[in-house]
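Here is a short briefing on one protein chain. Keep the sequence and the 3D view open while reading.

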Amino acid sequence: MGRWEPNARERLAEAALGLYGERGYEQTTVAEIAKRAGLTERTFFRHYADKREVLFAGSRDLQELFVRAVADAPENAAPVDALALGLHAVCAVFADRRPFARARHAVITANAELRERELIKLASLSAALADTLRLRGVAEPAASLAAEAGVSVFKVGFERWIAAAEDRDLAQLVREALTELRAVAAGS
């Protein structure tokens, strides 16, 4: 494929993920990623700030989607119900991305720097959700507790979803995790 062909961003992401899985994140260079994708390093840097961003490029969009869904929940929705709407919106993004998500997760868990970046991403998501809940009139510490719980529900559902033997969809697993959280909170 020539460098002028469409889908450069996706080709770069696929090439990077493949190389990270084969060689490791630290051992892979931007030049190798660009070469595998049939593109130039310059094209790589038009799409990504660095090789780490290939793994985290969609974080901001995902956070905005989650926050917007929580913000748009009916006014009378309890915090956990507003978060459930956000979780549902986020799950839709992952519908056809299980192989990519599995490979991405394997790369991240194999590298301390990337694990730290993933934790920062989740903390940022929780803070944004807490801000949104406060804007909806949820007082502290309930807003922060609910936001952290919502992120935890997503994380637990996601980790179950990417497990090798799992074939259920992410939305179902997140609903199950949310049901478990509600049971724990109710003392059942």
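Leaving aside neighbours within four places in sequence, Glu 166 is in contact with Arg 98, Arg 102, Arg 160, Trp 161 and Leu 173. The model is predicted.

**Glu 166**
- Glu 166 sits in the loop between α9 (142-161) and α10 (170-186).
- Is Glu 166 buried or exposed? Its relative accessibility is 14%, and the cut-off for buried is under 20%, so Glu 166 counts as buried.
- Its contacts include three arginines by name: Arg 98, Arg 102 and Arg 160.

**Helices α5 and α8**
- Helix α5 covers residues 59-71, and helix α8 covers residues 112-135.
- The two pack at an angle of about 25°, with their axes 10 Å apart.
- Angles under 35 degrees count as roughly parallel, and α5 and α8 are therefore roughly parallel to each other.
- The crossing of α5 past α8 is right-handed.
- On the α5 side, the contact is made by Ser 59, Gln 63, Phe 66, Val 67, Val 70 and Ala 71.
- On the α8 side, Lys 121, Ser 124, Leu 125, Ala 128, Leu 129, Thr 132 and Leu 133 meet them.
- By class, this contact of α5 with α8 has 8 nonpolar, 4 polar and 1 charged residues.

**Ala 127 in α8**
- Ala 127 also belongs to helix α8.
- Ala 127 has a relative accessible area of 40%, so it is partly exposed.
- In sequence, Ala 127 and Glu 148 are 21 residues apart. In space, their C-alpha atoms are 8.3 Å apart.

**Helix α2**
- Which residues of α2 (residues 30-37) are buried? They are Val 30, Ile 33, Ala 34 and Ala 37.
- Seen down the axis of α2, these buried residues fall within an arc of 95°, so they line one face of the helix.
- An α-helix has 3.6 residues a turn, so residues three or four places apart point the same way.
- The cover over the buried residues of α2 includes α1 (8-23) and α3 (41-47).
- Gly 38 follows α2, and its phi is positive, near 75°.

**The whole chain**
- The protein chain has 10 helices and 0 strands.
- Its pattern along the sequence is α-α-α-α-α-α-α-α-α-α.
- The C-alpha trace spans about 55 × 35 × 30 Å along its principal axes.
- Of the 188 residues, 41% are buried.
- Among contacts with a separation of 6 or more, 61% join residues 24 or more positions apart.

Key:
Residues numbered from 1 in each chain as written. Predicted model: local features only at pLDDT ≥ 70, side-chain atom pairs only at ≥ 80, totals over all residues. Heavy atoms only, no water. Axes fitted to C-alpha atoms, helices over the stretch in contact; angles between N-to-C directions. Helix = DSSP H or I, 4+ residues; strand = E, 2+ residues; numbered from the N terminus. Parallel < 35°, antiparallel > 145°, perpendicular 65-115°, else oblique. Left-handed = near helix turned anticlockwise from the far one by under 90°. Contact = heavy atoms within 4.5 Å. Nonpolar A, V, L, I, M, F, W, Y, C, P; charged D, E, K, R; others polar. Buried < 20%, exposed > 50% of the residue type's maximum accessible area, 1.4 Å probe, protein only. Arc of directions from axis to C-beta.
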